Structures are given as C-alpha cells and as structure tokens.
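Look over the sequence and the structure, then work through the points.

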Amino acid sequence: MAGLWIRRHHILLAAWTALWFLIVEPSGGVSWHYLRQGEQLLFGGDSGGGLSLYAHHPELQIGPVSLAAARLFDPFPPYTGQVLAEATMSALGLVMLVLVGRTAARHYLGTGTNHRRLQQRILVAGLAFIPMWVEVSVRFAHLDDVLALFFTTLAAHALVHDRPTAVGVFLALAVDSKPWAISFLPLVLALPSPAWKRTFLWFGGLVAVAWLPFYLGNLGSLSAARFTIPNQPASSLRWLGVSDPATPWWDRPAQFGLGLGFGTIAVRRGRWPAVVLLGANARVLLDPSVYTYYTASILLGTLLWDTVGQRRLVPWWSWVALITLYGGTLLLPTDPIRGLARLAFVVVSTSVVLCWPAKQLRRRGRGRGRGRRVPPRSHHVPEQRRREPARDGSRSGAGTTREWQSERILSR
C-alpha cells in the first residue's frame, strides 16, 4: 500500500502539472526571446556579444549557465524549441518536489516522524507550488530563475546528506544562473563548521570562473549591475516610502544584504529550511517590479519550510503565500492594496519564521540518548551509522532499519 500511495502521489502531482501546463502554454514564453537573444550573442560571435555581452546588453540579467542551457534548444525551430524548454522546465518542478521529499525524509530520519503524514504534506504543498512554478517556467519561460531555484533545491538536498562540496557547487551554479540566488548562501552555514572553508572555496571558485571572464574581457560589463527597471505602483517599495521612478542605486545591494542577514539569523537559530523563504522575501520586499514569477521563489521557500522546517500536517504557509501573492494579484482591486498585501506577507512570514518558538527535534537510536537535543545543523545520522552495515544485513545499526525503510518509501 505504501508503494501504491507513492505512485498515486507522483501521478497526482504530474497530472496537476500537465493541467496547468495546458492552461498556460498558449500564452506562454513571454520572456523566452531574451534567452534566445542572449545565447546567440554569447555563442554567435556577433559584434556586441561574446565576453562583451553584458557591457552592450545590460538588460540581459541572465547568468552564463542559463544562456548555455538555453543553447540546448537552439537546434530546434523557434516555437518548437520554446515549447520543449517550457516542458523541460515544468518537469524540473516535479523533480524538485521529489528532491524536497527526500530532503525532508533525511532531515527527520531517526525522529519517529510519521512518514505517511510527511508524504501528505509534500502532496498538499506541491498542489500550491505547481501553479506558481508553471508561471515562471511556462508563462514567462524564465530559464534563469528556474535553474537558480533548481540548483538551490539540489544544494538543500546535498546539505542534509552532509556533502559540503556539492552544496558549494550547486549554490555556485544557482548564482551563475541568476545573481540574486546569492541570498541563499547562508545554507553553507548549516554545515558543520570544519566544512565551511572548503564549501566557500568551491562556491567562490565556480562563481569566479563563470563571471570574471566577462568583467576582465570588457570592464563595461560592470554597467549590468547598475541596470534599472521602473518602480511599479504595486511594489512594496512604495509602502516603504520609496517613490523613485526607477530602481534606487542602493536597492540591489540592500536586497542581497537583507537576504544574507535574515538567512544567517535563521541558521543560527537552527532554522536553515527557512533560508530560501527569507532570501525570496527580501527580493519581493525591495524589488521595484511585481512580476508574478517572483512568487515562484517564495513558494519554493514555503515548500521547504512547510515540509522540512515544520511538522504540521497542513502546509499552510504554502497556501497562504499562493492566495496572498498570486491570488492578490488577480483579485485585489488596486495597486496600493496589492503592494500592501506583499508587504504584509513578507513582514508576517519573516517574523514568524525567525521569532516564533520552535520545537527541537529529538532523535531516537543508539548513541544519542532519548530526549537529547539535536544541534541546529544537518547532523542527521552519524557517518559511521550511515555507512557501516549491520550484522543482520540491514543498511545501518540496530534501531535505524525501520526509519531507513521509511525514507526509501518516501523517496521513490
């Protein structure tokens, strides 16, 4: 029955994704032309492209990894390539749901968590996540945002498996896909402190490899960092008293700083699953634009928080975010009220995540002692217990076989 439930769980989410894909695709691909233009300029050798791409086209706020990925669809006719890209990005959303499920299973391994309830949380939160994922992957076809969030999900998965190098690599690929993903860097601090140096070195090295050639090849590439967009009437910035017609000079650094600061506080309080939500909140709070695809990063954040950071049966933060941010865009009557809804969600969710008392996980099994508090890091199962087979042929020692089997059921 457990295996049947898992298959039904995946089928339901796949069908939900296909339904939203069919609804949105006829009006999809709004921004796909930016990806095609960028990859053709980067790889085509035309004047104003190559390593001078960002100097001559600062409006292309797209990372080089995303442009390289967009080139995979270049051999196809334009419309066919666009639809294939949209379908691929939609499928990545399903992969991310599976990865988050496995991340949650690993995080709660040895705590006596009811894995059937955990599966239900993934399903209910996934039903809220998919509509916003289709918004970014199909309606706008923002491959850069899709890859940034996908690599961040891989980083969280690597984190709970105590793979520091992979965490650094995936976070670097996220930033190399879209620079605003730098706000998720505090995930590194959830690793054991001896691994920080190695992880940061991998992260910094891969970011430098991707971006430095453009800045060294043409110093005018720095202009891309100063690119501005209109300050929309429905933005949260308006409620913060910022009435500039375009992006203020301090806005982007403030976004990154706020996201990094909130994420660091969350990790120090033992709440690393909130890092993505807090980084996305900082973006929505201070961004002058109000595109609906921004909400996809919020929904990934609530998905991780609802399933990994919380033990409630109902993942209500995911649905609150969907109703407030996406539903508010469609239903609220005026721009100022929409801006107020965005501001209210960011303030309330950030305050609750950082300040609300949380129960500490207590793990069962040999070597930990009943009732012992788990440090606020990703120390889920000691390395020796994970890798050393038990005498009875199970994967780990006595007292852990049942939990491991539950993890296998969830991660199918």
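The largest nonpolar core of this predicted model has 108 residues. F129, L171, W272 and I298 have the most contacts inside this core. Helix 7, residues 143-160, gives the most to the core, with 13 residues. In soluble globular proteins, nonpolar side chains tend to be buried together.

**Around W272**
- Leaving out residues up to four places away in sequence, W272 touches T103, H107, A156, L159, V160, L187, A190, A266, V267 and V308.

**Helix 12**
- Helix 12 covers residues 275-286, twelve residues in total.
- From first C-alpha to last, helix 12 reaches 17 Å, close to the 16 Å expected at 1.5 Å a residue.
- Twelve of the twelve residues of helix 12 are buried, so the helix is largely enclosed by the rest of the structure.
- Its buried residues include V275, G279, N281 and R283.
- What covers the buried residues of helix 12 includes helix 7, helix 10 (236-239), helix 11 (251-268), helix 13 (295-309) and helix 15 (335-355).

**S183**
- Where does S183 lie? S183 sits in the loop between helix 8 (164-177) and helix 9 (196-217).
- S183 counts as buried because its relative accessibility is 4%, and the cut-off for buried is under 20%.
- S183 and V276 are 93 residues apart in sequence, but 7.8 Å apart in space, C-alpha to C-alpha.
- Apart from neighbours within four places in sequence, S183 is in contact with Q255, F256, G259, L260, V275 and G279.
- Among these contacts, V275 and G279 are buried residues of helix 12.

Conventions:
Residues are numbered from 1 along each chain as its sequence is written. This is a predicted model: local features need pLDDT of at least 70, side-chain atom pairs count only at pLDDT 80 or more; totals for chains, interfaces and linings use all residues. Side-chain values use heavy atoms; hydrogens and water are left out. A nonpolar core is a set of buried Ala, Val, Leu, Ile, Met, Phe, Trp, Tyr and Cys residues joined through side-chain atoms within 4.5 Å. Buried means under 20% relative accessible area, exposed over 50%, partly exposed in between (1.4 Å probe, protein chains only). Helices (H or I, at least four residues) and strands (E, at least two) are DSSP runs, numbered from the N terminus. Contact means heavy atoms within 4.5 Å. The expected span of a helix is 1.5 Å times one less than its number of residues.
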